[in-house]
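Trainee: Could we go through this one together? I'd like to take it a piece at a time.
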Amino acid sequence: MYQVVMLNDDYTPMEFVVVVLQEFFGKDLETATQIMLKIHLEGKGVCGVYSRDVAGTKVDQVLDAANKAGHPLQCVSEPVH
């Protein structure tokens, strides 16, 4: 299994991160806000855990949405240990 991890930057609006978490990871507003704050305060946060293929697709969706919106948001998948 692979976890999708979003990384903090100083430019992407917090609101955009919350919307991405809701849209691509099915989080409710409260959960999305908690994950966004974890990313903001700790430098990264886990968005969800999926099979390798699904995790890769989620990363691509986030990067594509961020790129289209003009934000430098970074997202990676990594094996769960």
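Trainee: Is the crossing of α1 and α2 left-handed or right-handed?
Mentor: Keeping in mind that this is a predicted model, the crossing of α1 and α2 is right-handed.
Trainee: Which residues of α1 and α2 make the contact?
Mentor: On the α1 side the contact is made by Met14, Val17, Val18, Leu21 and Gln22, while α2 contributes Leu29, Ala32, Thr33, Ile35, Met36, Ile39 and His40.
Trainee: And at what angle do the axes of α1 and α2 cross?
Mentor: The axis of helix α1, residues 14–25, and that of helix α2, residues 29–42, cross at roughly 130 degrees and come within 9 Å. That angle makes α1 oblique to α2.
Trainee: New topic: is Lys58 buried or exposed?
Mentor: Lys58, which sits in helix α3, residues 52–69, is buried and yet has no salt bridge.
Trainee: What does Lys58 touch, then?
Mentor: Leaving aside residues up to four places away in sequence, Lys58 touches Val4, Phe24, Phe25 and Tyr50.
Trainee: Let's move to Leu7. Where is Leu7 placed?
Mentor: Leu7 belongs to strand β1, residues 2–7, and because its relative accessibility is 29%, Leu7 counts as partly exposed.
Trainee: How far is Leu7 from Leu73 in space?
Mentor: From C-alpha to C-alpha, Leu7 and Leu73 are 7.0 Å apart, although 66 residues apart in sequence. Leu7 touches Leu73, and it also touches Ile39, Gly43, Lys44 and Gln74, again not counting residues up to four places away in sequence.

Definitions and conventions:
Residues numbered from 1 in each chain as written. Predicted model: local features only at pLDDT ≥ 70, side-chain atom pairs only at ≥ 80, totals over all residues. Heavy atoms only, no water. Helix = DSSP H or I, 4+ residues; strand = E, 2+ residues; numbered from the N terminus. Buried < 20%, exposed > 50% of the residue type's maximum accessible area, 1.4 Å probe, protein only. Lys, Arg positive; Asp, Glu negative; His and termini not counted. Salt bridge = Lys/Arg side-chain N within 4 Å of Asp/Glu carboxyl O. Contact = heavy atoms within 4.5 Å. Axes fitted to C-alpha atoms, helices over the stretch in contact; angles between N-to-C directions. Parallel < 35°, antiparallel > 145°, perpendicular 65-115°, else oblique. Left-handed = near helix turned anticlockwise from the far one by under 90°.
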